[in-house]
Amino acid sequence: MDATVFGAWVATGLTLCIFTFLYKDNPLFKLAEHLYVGVSVGYTIVKAYDTVIVHLIVKPIFEQGEIALLIPVAIGMLMLTRYVPKAAWLSRYAFAFIVGVGSGLAIPRTISSFILRQIEDTVRPLLSMAGGDGVTFSMNLLNPSSSINVIIILIGVISVLFYFFFSIEHSGPGKIVARTGVIFLMIAFGAAFGYTVMARMSLLIGRLTDLIEFSDASYGRPTLWLLMVTIGVLIVLSRRSQRKPPQES
Amino acid sequence: MLKIDRRIIFLVIGLCTLLPLLYPVGLPIKISSEVRGVYNHIESLPERSVFFMSFDFDPASKPELHPQAIALLRHAFRKNLRVVTMTLWVTGTGLADQIVTQVAKEMGKENGKDYVFLGWSPGNTAVIINLGQNLYNTFPSDYGGKPTKGLPVLDGVQSLKDVTYMVSLGAGNPGVEAWYVFGKDKYKFEMGGGCTGVMAPGLYPLLRSGQINGLIGGLRGAAEYESLIDQKGKAVAGMDAQSATHVAIIILVIICNLFYFSMRRAARQQSG
């Protein structure tokens, strides 16, 4: 059997097994789920071994004589002392190194990229000088950088920040600002949820597209055959579970 | 209606997805400015510019990011750019290699001369920083084991600073944000992004502030890009189904809300 055809049968079978969960939890779903976890872990281990151990450590040290690589190897090995209770304290040096380097790299870059640049974008000038037109105020909602959108973003940021400011009671004018913040949050959650629904539907479309493709005669029609087998197995499992006497609690 | 068996809803959604895939209508696709941003930038690049792509996803996000990757690579190869690719996701290595090889073969491009797939290297964000310092130390060899030094495709490229344009196709972390924070912000190259639908709302602030110059979001973004390059593929084919399922979900939400409010009113009248 050609590898592509074999792959089509495996992919179709596992997709249908996963889809059976929509009917109810069953052994076919569990089989596909466990296979997915196992294959992912196995693939990661093999790739990590080949790339890290073989290509980045063993070959450079033994073939190119890069002895300096033994330093990161030694630091990495300290991590493994976690498995030896008496020597576990040594792993703290490795963790300290990772936390220190990681924080040192991440904190300045994150502040620069997200906090400073985003604040800069939030407090844009409300009025702009465009060519010889003098001071202008653009009302175009479709243009992200228009003056009206700058005001909306400013109101949104301030009201949401105020909503999460718990040191004073949200009453009177403060209540109006906090409520405005809630409205902005709801719009943001709605947009995020809408995109999430779109993404999940895209995944379904992807699987169904493959199932349609694999129903072709050139693959041996795995979709049709395996669909029949899956439905048959579900019927058998359903009948078996009906025959079982209810368990006493 | 509020006590409807959820399997009926699954069936409705399933049919709304399946039928348009079997019998496509061909609904029009409007191109958004964020997708056009990536397209226009690639279109403006001179021949043999260095186009860097990072496939930061695995097979779980294939339906959304695979069409984006195919469309971007087709565009880049058509423009005769030098395409340098890699992945930060170990589980995406095989898929990324398959995509690059397939499109390069289709466009008649030569490995090592027109394109290279560097593979995966451990360290996530540290890999980006290393690439900014020295590409050859980070990837001494490409995915096929060929030494990267001396490859014609990398001629004149020492680090990320020599990259003309970069696009990260991300399904999570590390992805577009990591490439911006540890790559573009530090080494100053122009950058665009592609992502799954779930991630898109979180990346719009980067787009608005000009930190990235374009964003391809989900299958919809991929369909727009396929339309722009005039090579319609799986993403465009899926748009009818996408629209049909969205209509079905909107109708279900409206119906359920109508029932909910009518039941609430009935309960109030009974108690009053």
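Begin by selecting helix α4 (residues 91–122) of chain A together with helix α7 (residues 176–187) of chain B, which in this predicted model pack at an angle of about 85° with their axes 9 Å apart. Axes are lines fitted to C-alpha atoms, for helices over the stretch in contact, and angles run from 0 to 180 degrees between N-to-C directions. Since angles of 65 to 115 degrees count as roughly perpendicular, α4(A) and α7(B) are therefore roughly perpendicular to each other.

Next, display the residues of this contact, where two residues are in contact if their C-beta atoms, placed from the backbone, lie within 7 Å. On α4(A), select A:Arg109, A:Thr110, A:Ser112 and A:Ser113; on α7(B), select B:Tyr180, B:Val181, B:Phe182, B:Asp185 and B:Lys186.

Chain A holds 7 helices and 2 strands, in the order α-α-α-α-β-β-α-α-α along the sequence. Helices (H or I, at least four residues) and strands (E, at least two) are DSSP runs, numbered from the N terminus.

Finally, show the C-alpha atoms of chain A, which fill a box of roughly 75 × 60 × 55 Å along the principal axes. Among contacts in chain A with a separation of 6 or more, 35% join residues 24 or more positions apart.

Residues are numbered from 1 along each chain as its sequence is written, while chains are lettered from A and ligands numbered from 1 in the order in which they are written. In this predicted model, local features need pLDDT of at least 70 and side-chain atom pairs count only at pLDDT 80 or more, whereas totals for chains, interfaces and linings use all residues.

Definitions and conventions
Parallel < 35°, antiparallel > 145°, perpendicular 65-115°, else oblique.
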